[in-house]
Amino acid sequence: MTSAAAPVLPTPIVGRTDELKTLETRLADACRGQAALVVISGATGMGKTLLLRAFLERTSGRELTVRHGACGRGAAAGPGYAAALALFSGLGLGHQDVAQRPAGPSRYRILHGLHALVVELTAQRPLVLVLDDAHACDEESLRWLDFTLRRAQGLPLLVLLARRAEEEPAAPAAWADLLAQPALSSVHLGPLGHAQVGALARQAFRVPVDPSFARRVGDCSGGNPRRATRLLRALCAEGVRPDAHGAIRATELGGRLIALSVRGRLARMPSWIREVATVTAVLGEDSPELLGALAGLPGALVQDALALLRRGELLAPRHPAPMDEAVRRAVLEPLSTEELTGLRARAALLLSDAGRPAEQVAGHLLQLPGAPEPWMVTVLREAAERAEERGAPGNAAAFLHRVLEAEPQDDAVRLRLATALAQADPLEAVPLLGEALARAADARARARIAVQYGMTCLAAHQAPAAAGELAAVLHTLRSELDPDDELRTAVESVLLITGSADRSTAASVCERIARSTAPGAGGPQAQQGHALSALLSALYSCSRQVTVEHARRVLDTPEPAAPSWPLITSAMALGLVDETQDALVALERALRCGQGDHSEWTRALALSGRALVRYATGAIPEAMADALTVLESVGEESCGARLTLPRVVLANARLDRGEPERAEQLLDGIDRPRPQGSILDYHPYLLARARARWALGDPEAALGLLLESGRVQEAAGLANPVFSPWWAEACHLLAALGRPHQAREFAEHGEELAQRWGTARGLGQAALARGVLTPGRPGIELLAESVARLSCSPARAEHARAEYALGRALLTTGDLAGAREHLRAATDRARGCGALALARAARGLLITAGGRMREITAAPVDMLTGAECKVAALVAGGASNRQIAQTLFVTVRTVETHLTSVYRKLGVGHRAALASALPPRALTVPPRALALPARHC
């Protein structure tokens, strides 16, 4: 037992502002004669003692009497009133007065005497009694505190008791009476948040702390201040920096520290509590009945154990994840492989007998070694079916893998597995589909598998392999199936997208699509058919109406029934029809399907599609953000080998920002003359490469690339004017070279395609191409037409380009006022899109025309998306992540993601540096966005 009047030293404390405020409020009440009792509880290491010291530090200069004591182990078995003796040591109170545990009248005299001492002390000044580790307090001292508080009306008295939440009190009956006091206030210390752990890290390292580092330390320590401090000290001792690289080391070291902490706390608990912790870690839920059955313990005992484990922060208060993953690993680590396997097998059987959902049971079966037993196979099949129904192909694939281990000759399971993997991991699905295609004997079955195989090869960027197999299948089908058969059309459609079919095939397929009755959305195969029909109609200019009809049939499918790929394919088609809002909606749905279900590749494809659609609308920073996310998440090497579109979008954006060298470096990462993808990759790649060559001063090479794209598109029958408008770029290039006569044919070709397709974007591009080739008033009229048409399209960057061309033409005719109007509009629109190279060129001509405008610089802030700008401005204004989430109606995790991206783009490491890194214009957020919801005002 320690004694009173411990010295008050300055104590740094983080994240306990509300708790300190509660203590100060109750002290103020006590000073007014309202006696108060505050019980501070929390798990070991949550900072109860630190909170008490911080509070006492704040009161050190006030007119108070503070008596401080702490209960040690075995206090309840020692002399009576041990805690009282610790509190009043130095006041002449001895063991001979209170140590004999008297009963009856003698006990009352002691209680009354101690109460009189409290009254005497409070007569001089307000009295604060602080007792740490009060869970170990002896019964007599608790009875005395209860006795005194019941008679403390009008006394300036504050009693502070700190206790460990995970330990049963030494005198439970006395505690129960004390907790019934009407003057009681309870303060529970929970885990620190990531921001508060970041503050601890800044205290430890004395340098800015990366948010990812703070998150890792917080996750590893469970927000426990003591564990977090120990981990930070260990990292400091190793010389680790608090950045993204240091976060990796924090995870490694933190796991070991958690394991030691968890095992240490469990070692101090009875064996039956350890057993409940173990079965909870295995079962993954906190149902007392099931845990009792697995552990062989009565339900009442299990409930007591769960309560103690929660108090000790070993269990979380939420369901269905009662135990943190790091704690779970630490609990299970001492078990042998045989013991753990036996527990998991019993847990799966127990859940199955209890009628739990098949997916829940199958989750345990996935962790068992060896081939599954027959009853397990039944459960796994059902679980796969449920996962497929709810749109979780990654989970379905995991279950079907286990089924195939037990039944390797089941071709139906092999095909189901390949179909699920096609969405979750197309690279793994390709060989499985190849095996299924080789085993299929029936022509129609081979055709169905061939379509799936072809689409999967396209997603995995293995189009050449698909083309060969599809051509062989199609050769057989032509002799066995009617030309109008939907399966034959589907095979030919996939061949068209690979770029391996000719004009005659394209014309035939488009004719059949146009006259088809287009059945309802149906199942996945029907949705795939609609998506293919939409894309082919768009690429080969069959009909805008047919394109939209088929694409919207996919979008009309309720979630999560529509797989990701048909959504992505339909979005690409809708983007070509200027239906960009519907395209983005489809891509958002595809992204939701790719979250948290082993579908990283599907998510990468959806982000690539969204980057392309956003770029086409002139949302250049947003397109860059999507492309960068793909390159960072899938990996540079992987993207260089398989993903072309993100690099193409990023290269085009770099060109728009006036960075041709960086654009060419990105395109050089696609280390092959023809990307191993499809026409969807190849022609955008050629167009971007041509733009880069032109910007780097090699117009002849650029023209050669554009003409190559035109030749290939002509041979394949591609006839969409806006998909990859080589003809428009060739017109602009030849006009700049002073050779407009060479481009007349290209302009006429583009005009014909645009008139047939009929979108505002296509017609505007055609008028712009003809306008830059036509001198004098006729040319100006064509350019004015292009401005008018593009203003009605979603192509904002193209609109800015048309304004620039018109302003330049007016300048050459001497119409300075008209030139200034359109050049100013071009500058503003180009800058708003992030097309800084065009904005600078337009500003230069505006100055020549007599206008005035501030210089345009490529500041890092120009790379921020709209959402990132809002988050950055709010952070710079002092808002917390939670306040920002409430203001912008997003999750805190979304805010953290945006903030990490802002830090990376602006080159800053912490919140305090944002205000100086952002220009004044970026700090301006609309008042409505700054206002917090009313309930928080």
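Modeller: In this predicted model, the buried residues of helix 37 are covered by parts of the chain that include helix 35 (679-695), helix 36 (699-716), helix 38 (744-757), helix 39 (760-773) and helix 41. Helix 37 itself spans residues 726-736 and is mostly covered, with 9 of its 11 residues buried. The buried residues are Trp 726, Trp 727, Ala 728, Glu 729, Ala 730, Cys 731, His 732, Leu 733 and Leu 734. After helix 37 comes Gly 738, which has a positive phi near 75°.

Helix 41, one of the elements that cover helix 37, comprises residues 796-812 and contains His 799. His 799 counts as buried because its relative accessibility is 7%, the limit for that class being under 20%. Leaving out residues up to four places away in sequence, His 799 touches Val 787, Leu 790, Ser 791 and Arg 829.

From here the description turns to a pair of helices. Helix 42 (residues 816-833) and helix 43 (residues 836-848) have axes that come within 8 Å and cross at roughly 155°. The two helices are therefore roughly antiparallel to each other, since an angle over 145 degrees falls in that class. The crossing of helix 42 with helix 43 is left-handed. On the side of helix 42, the residues that meet helix 43 are Arg 820, Leu 823, Arg 824, Ala 826, Thr 827, Ala 830 and Arg 831. Their counterparts in helix 43 are Leu 838, Ala 839, Ala 842, Arg 843, Leu 845 and Leu 846. By class, the contact of helix 42 with helix 43 consists of 8 nonpolar, 1 polar and 4 charged residues.

Another pair of helices can be described in the same terms. The axes of helix 21 (residues 426-439) and helix 22 (residues 443-459) cross at roughly 155° and come within 9 Å. This angle makes helix 21 roughly antiparallel to helix 22. Their crossing is left-handed. Helix 21 contributes Pro 426, Ala 429, Val 430, Leu 433, Gly 434, Ala 436 and Leu 437 to the contact, while helix 22 contributes Arg 446, Ile 449, Ala 450, Gln 452, Tyr 453, Thr 456, Cys 457 and Ala 459. The residues of the contact between helix 21 and helix 22 divide into 11 nonpolar, 3 polar and 1 charged.

A further individual site is Arg 227, which lies in helix 10 (residues 225-238). Arg 227 has a relative accessible area of 14% and is therefore buried. With neighbours within four places in sequence set aside, Arg 227 is in contact with Ser 221, Gly 222, Ser 261 and Arg 265.

Most residues other than glycine have a negative phi. Asp 133 is placed in the loop between strand 3 (127-132) and helix 6 (139-150), and its relative accessible area of 23% makes it partly exposed. Asp 578 likewise has a positive phi, near 70°, in a residue other than glycine. Asp 578 occupies the loop between helix 28 (564-576) and helix 29 (580-593), and because its relative accessibility is 18%, it counts as buried.

As for the cysteines, a disulfide is a covalent bond between the sulfur atoms of two cysteines. A search of the whole structure finds 0 disulfides. Cys 71 is in no disulfide, and the nearest cysteine sulfur, belonging to Cys 137, is 4.2 Å away. Cys 71 has a relative accessible area of 4% and is therefore buried, whereas Cys 236, with a relative accessible area of 31%, is partly exposed.

These sites belong to a protein chain that has 48 helices and 5 strands. Of its 937 residues, 54% count as buried. Among contacts in the chain between residues at least 6 apart in sequence, 68% join residues at least 24 apart.

Key:
Residues are numbered from 1 along each chain as its sequence is written. This is a predicted model: local features need pLDDT of at least 70, side-chain atom pairs count only at pLDDT 80 or more; totals for chains, interfaces and linings use all residues. Side-chain values use heavy atoms; hydrogens and water are left out. Helices (H or I, at least four residues) and strands (E, at least two) are DSSP runs, numbered from the N terminus. Buried means under 20% relative accessible area, exposed over 50%, partly exposed in between (1.4 Å probe, protein chains only). Contact means heavy atoms within 4.5 Å. Axes are lines fitted to C-alpha atoms, for helices over the stretch in contact, and angles run from 0 to 180 degrees between N-to-C directions. Angles under 35 degrees count as roughly parallel, over 145 as roughly antiparallel, 65 to 115 as roughly perpendicular and the rest as oblique. A crossing is left-handed if the near helix is turned anticlockwise from the far one by less than a right angle, and right-handed if clockwise. Ala, Val, Leu, Ile, Met, Phe, Trp, Tyr, Cys and Pro count as nonpolar, Asp, Glu, Lys and Arg as charged, and the others, Gly among them, as polar. A disulfide is a pair of cysteine sulfur atoms within 2.5 Å.
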